[in-house]
Amino acid sequence: MTTTYELEQRQTRRAAQLLASSGEHSYDPDIDIDWSADLEPGKWFVPQHRCTLYGTQTWHRMSEEQRLLLSREELAASIALGVWTEQMLLQMVSRYVYDRDVSTPSVQFALTEVADEVRHMIMFARVVDAIGSQVYPTPTRIKQTGRMLKSAAPVSALWALVLLTEEMFDRTQREMAADESVQPLVRAMARIHVIEEARHISFARTEIEARIPELSRIELSAFRALLAMSVQTFAGEFFNPLVYRRVGLDERQAMREARANPHVRETFRWAASRITDYYSSIGLIGGTSEHIWTRLGFR
């Protein structure tokens, strides 16, 4: 059995490795993205099979121009959730470093992560502007949930919540970065985010694994419930009526079709598969919570 000391040593070694990697493989979106390049006609903003209406009756009635516009607006809406996640991470990391020794590799990497996330938020905002969309407001329920979590939830729970979102974004952005049918600007954004977030994901996993053995049975059950409720909130807000309104669709009809779309359920399962397998392996999905993940289509 791994001791607390051994886990702490592992955290320190991993943080030192990630800190060195940050120095060698970090990016400046101002320089590493060609913001002056024009968008390419006929290219998508997310892969077309990831659009929420893909394969529905409404999709078949839409013109190609409308479909491309839908992909643009869905990218902008997903970026809004990404920015919210980055803001949560900034506040969580601030709580993490508050009473820790700034000379340690773990705290120094956490502060490096703050710098990464600030650049990412600005990059995301510039992408929304460059593709010709507008910023989407964070859904009220997600904002209210986040306000409570960032202040009251244990830091270990916040790592787990952020890891959940980051892993799903990582899966979708890896696909975008490799898809030549997607706009080059979007692919460049995705490549930068994937490379830098891989370090953040690794650090969060190490932190979580160090804390799981310390949880009592009651605490573990509460942890599972918190994650399941957060996934339920995310799933409920994933479909944004403003997206369909901006594309010129009947938003009620579009919402009904998107919620019932088997392609969307498959996207949920595909995007979440790595994190759900991982959470199951360390005990963060189980019991009643497993039914919630399955019912929502994430397993």
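## Surface and charge

About 14300 Å² of the chain is accessible surface, and carbon and sulfur atoms hold 53% of that (Shrake-Rupley method, 1.4 Å probe). This is a predicted model, where local features need pLDDT of at least 70, side-chain atom pairs count only at pLDDT 80 or more, and totals for chains, interfaces and linings use all residues. Side-chain values use heavy atoms, leaving out hydrogens and water, and residues are numbered from 1 along each chain as its sequence is written.

As for charge, there are 35 positive and 39 negative side chains, with the centres of the two sets 7 Å apart. Lys and Arg count as positive, Asp and Glu as negative, while His and the chain ends are not counted; each charge is placed at NZ of Lys, CZ of Arg, CG of Asp or CD of Glu.

## Overall fold

The chain has 13 helices and zero strands (DSSP runs: H or I of at least four residues for helices, E of at least two for strands). The C-alpha atoms fill a box of roughly 60 × 45 × 30 Å along the principal axes.

Of the 299 residues, 51% are buried, meaning under 20% relative accessible area with a 1.4 Å probe, protein chains only. Among contacts with a separation of 6 or more, 82% join residues 24 or more positions apart (contact: heavy atoms within 4.5 Å).

## A look at Asn240

Asn240 sits in the loop between α9 (217–237) and α10 (241–247), and is buried at 17% relative accessible area. Its side chain reaches the backbone nitrogen of Leu242 at 2.9 Å. Setting aside neighbours within four places in sequence, Asn240 touches Tyr136 and Met255.

Note on methods. Buried means under 20% relative accessible area, exposed over 50%, partly exposed in between (1.4 Å probe, protein chains only). A polar contact is a pair of N or O atoms within 3.5 Å; within protein, one must be able to donate a hydrogen and the other to accept it, and residues adjacent in sequence count only if both atoms are side-chain atoms.
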